[in-house]
Amino acid sequence: MHPAPHASLSLPARLCLLAWDSTETEVTDAGRLPALVRAGALVELVRRGLLVDEDGVATPADMDSDTGDPVLDGLLELVRESRPHRWRTWVTLRARITLDAVREQLAAGGFLHAEKRRVLGVFPTVEYVLEGVAVVDALRAQARAVVLGPVPVAEVSERDAALAVLTDAAGLVSDDAHDRGRLEELTERGGVAAPVLRTVVREVRTARAAASAVD
């Protein structure tokens, strides 16, 4: 059996795709996307042991290791070169850098299509259109099954648990009533990243509320 086309995608890449409405091939509520993708990147780096928590501050485990993923390594370099910040600050601080890198990565992989345009006929910009509709549908179905059941929490991987909790925080899974006890169990399934996951989830919810207020 061949692996799913999204099997190799990082957590921030999956979260970026999940923000797309596969029926409209456009992003749903783009205002919350930078914080969501950055939160996923932070959790991924913690999962891989490259960022650690020191009294609430995001701290590189060392100054040399990398992941081989340009999105994650770009964020890791940014953290290394910046003065120390708490996790909540990193969720939004220059978050568009991570989002832009993820979208470029997804376009290179054929999941998105990049269209170069000029605003007012002068300023160059890039707009992205969803190409991997089936991938988004599969990711969303998987996230729903993890957040709402019937998948037993004990059978959920650390990455899938983090993906589901962050997706729920951004309001991308469902408007159904959720079992908060189950979400807490899923957060615990995040393993070593669980404490950081709790923090960034709060910030994703805050970004979501702020984006809704602007709309």
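Q: Is Arg198 buried, partly exposed or exposed, and what is its relative accessible area?
A: Arg198 is partly exposed, with a relative accessible area of 27%, where buried means under 20%, exposed over 50% and partly exposed in between, for a 1.4 Å probe and protein chains only. The model is predicted, so local features need pLDDT of at least 70 and side-chain atom pairs pLDDT 80 or more, while totals for chains, interfaces and linings use all residues. Residues are numbered from 1 along each chain as its sequence is written, and side-chain values use heavy atoms, with hydrogens and water left out.

Q: With which residue does the side chain of Arg198 meet in a salt bridge?
A: A salt bridge is a side-chain nitrogen of Lys or Arg within 4 Å of a carboxyl oxygen of Asp or Glu, and the partner of Arg198 is Glu184, at 2.4 Å from N to O. This pair links distant parts of the chain, 14 residues apart, with Arg198 in helix α9 (residues 194–214) and Glu184 in helix α8; helices (H or I, at least four residues) and strands (E, at least two) are DSSP runs, numbered from the N terminus. Glu184 is also partly exposed, at 36%.

Q: Which residues does Thr187 touch, leaving aside those up to four places away in sequence?
A: With contact taken as heavy atoms within 4.5 Å, Thr187 touches Val165, Ala194, Leu197 and Arg198. Thr187 is found in helix α8 (residues 180–188), and it counts as buried because its relative accessibility is 7%.

Q: Where do the side chains of strand β4 point?
A: In a regular strand the side chains alternate between the two faces of the sheet. In β4 (residues 57–60), Val57 and Thr59 point one way and Ala58 and Pro60 the other, and all are buried. Two strands pair if DSSP finds at least two bridges between them, and four bridges join β4 to strand β3 (residues 51–54), the two running antiparallel. The strands β3 and β4 form a hairpin with two residues between them, and Asp55 in the turn has a positive phi of about 55°.
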